[in-house]
Amino acid sequence: MTEKFAWIMTPDVKWGEKKDFITTALESGIDYVLDLKDIDNIHKLGNIKVISDNDKADIFLVGIKGEGDGTLHLDKSSDLNNSNDLEVARNFKNKGKKVVAYVEIKSKKHEQLARVLGKVVDYLILVGKDWTVIPLENTIADLQKEDVKLLAAVNSPEEAKLALETLEVGTDGVIFQPNSFKQIKDIAKVIEDASTEQYELKEATVTDIKLVGTGDRVCIDTSSMLSLGEGMLIGSYSKAMFLVHSESLESEYVASRPFRVNAGPVQAYVMVPGNKTKYLSELETGDEVLAVNKDGKSRTVIVGRVKIEKRPLILVEAEYEGIIIKSLLQNAETIRLVNNKDEAISVSDLEIGDKLKVFIDKGARHFGMSIEETIIEK
């Protein structure tokens with residue numbers, strides 16, 4: 001699944017009010033701002049990408065002009081293939097600049113203009129007057145093979161959700177003009193939910209448990225609080241992984257570490273966004289990994305630290321419909337997997353015949369990406 005995103009388009013208000021909207025958006029995970037007046041001031045607020053018809057913009061904007069009343073209007077053109085917007089877009093692309101086109105869909109001709117621009121620009125903003133979903137469906141279908149990100153202009157969380165789900169694929173993102181702090185947070189939540197990857201978890205039966213000596217074990221400390229029932233998909237095989245529970249549970253021996261997953265040895269795989277995997281040894285501060293709950297719902301979390309230490313290991317083997325799954329884990333009572341009753345069960349309490357939640361990929365993997373190829377892992 002492609003991660004969805006949101007941009008804001010600043011309203012025509014005084015800088016103080018505009019600043020509050022932008023900082024609220026930034027705190028909500030929205031760090032792209034379309035603005036025609038205050039590019040220098042906005043850049044001072046943080047690591048924010050500014051979209052504007054200004055040479056200093058991070059992403060150059062074509063298709064709208066600033067008017068005295070602050071409204072934004074389509075640059076009308078009669079010849080689509082030789083429009084001024086298309087020429088300007090090509091010029092800036094040739095300079096190595098990212099370009100976004102803004103098109104108001106008022107007629108079939110505007111749909112055609114969007115498709116022409118969509119083959120040149122990096123991003124395409126679609127704005128509907130008396131909006132219906134049909135023009136959006138048409139544009140998504142026509143440009144799905146092009147290397148362009150589509151954004152729909154929306155006014156509410158409901159419109160955002162509709163745009164992101166249109167034709168199942170949906171737009172890549174949405175853009176909106178904030179009118180309240182609540183609206184910003186609500187739409188940011190829609191984006192977060194739409195970016196969630198769902199993993200179908202199976203119930204595998206434990207067939208073997210044995211001590212195997214010591215190895216270099218990896219702890220993943222994240223910048224997020226992990227809840228009960230939440231952990232990471234980790235395993236010795238890239239196409240078959242156990243749901244390893246976070247250390248969010250209390251123990252009589254150590255305090256809870258709700259930000260941590262004691263993951264496994266350095267050679268094991270962990271699921272990361274985009275249905276990809278990485279070796280645990282590859283992870284570094286700032287990397288993204290997936291936190292997955294007992295129902296298979298995932299969210300992206302940031303690695304704050306990776307801690308590698310030599311620890312005693314235990315081998316856990318399970319079977320699902322003839323598929324054998326193996327993984328090495330630290331041999332400690334605080335290391336837990338998730339069973340078929342949605343309980344976190346310690347590796348020290350595991351028994352033959354217990355059923356554990358696992359993810360089994362249909363394809364093999366090459367450099368972490370799922371592919372249709374026969375690869376034997378044992």
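Q: What has to be found between two strands before they pair?
A: Two strands pair if DSSP finds at least two bridges between them, and strands (E, at least two residues), like helices (H or I, at least four residues), are DSSP runs numbered from the N terminus. This is a predicted model, in which local features need pLDDT of at least 70 and side-chain atom pairs count only at pLDDT 80 or more, while totals for chains, interfaces and linings use all residues. Residues are numbered from 1 along each chain as its sequence is written, and side-chain values use heavy atoms, with hydrogens and water left out.

Q: Which strands make up the closed barrel, and in what order does it run?
A: Strands of a sheet pair through backbone hydrogen bonds, either parallel or antiparallel. Here eight strands form a closed barrel in the order 1-2-3-4-7-8-9-10, with parallel pairing. On average, neighbouring strands of this sheet are turned by 25° against each other, direction ignored. Strand 1 (residues 5–9) and strand 10 (residues 173–176) run parallel and are joined by four bridges; Phe-5 has Gly-173 of strand 10 as its bridge partner.

Q: How do helix 1 and helix 7 pack?
A: Two packed helices are described by the angle between their axes and the distance between the axes. Axes are lines fitted to C-alpha atoms, for helices over the stretch in contact, and angles run from 0 to 180 degrees between N-to-C directions. Helix 1 (residues 15–27) and helix 7 (residues 181–194) pack at about 25°, with axes 10 Å apart, which makes helix 1 roughly parallel to helix 7 (angles under 35 degrees count as roughly parallel). The contact (heavy atoms within 4.5 Å) is made by Asp-20, Phe-21, Thr-24 and Ala-25 of helix 1 together with Phe-181, Ile-184 and Lys-185 of helix 7.

Q: How many of the 11 residues of helix 4 are buried?
A: Buried means under 20% relative accessible area, exposed over 50%, and partly exposed in between (1.4 Å probe, protein chains only). In helix 4 (residues 108–118), eight of the 11 residues are buried, so this helix is largely enclosed by the rest of the structure; among the buried residues are His-110, Glu-111 and Arg-115.

Q: Where is Asn-275 placed, and where is Glu-321 found?
A: Asn-275 has its place in the loop between strand 15 (269–272) and strand 16 (276–279), and its phi is near 55°, a positive value in a residue other than glycine. Because its relative accessibility is 24%, Asn-275 counts as partly exposed. Glu-321 is found in the loop between strand 18 (298–320) and strand 19 (323–330), and the phi of Glu-321 is near 45°, a positive value in a residue other than glycine. At 66% relative accessibility, Glu-321 counts as exposed.

Definitions and conventions: Parallel < 35°, antiparallel > 145°, perpendicular 65-115°, else oblique.
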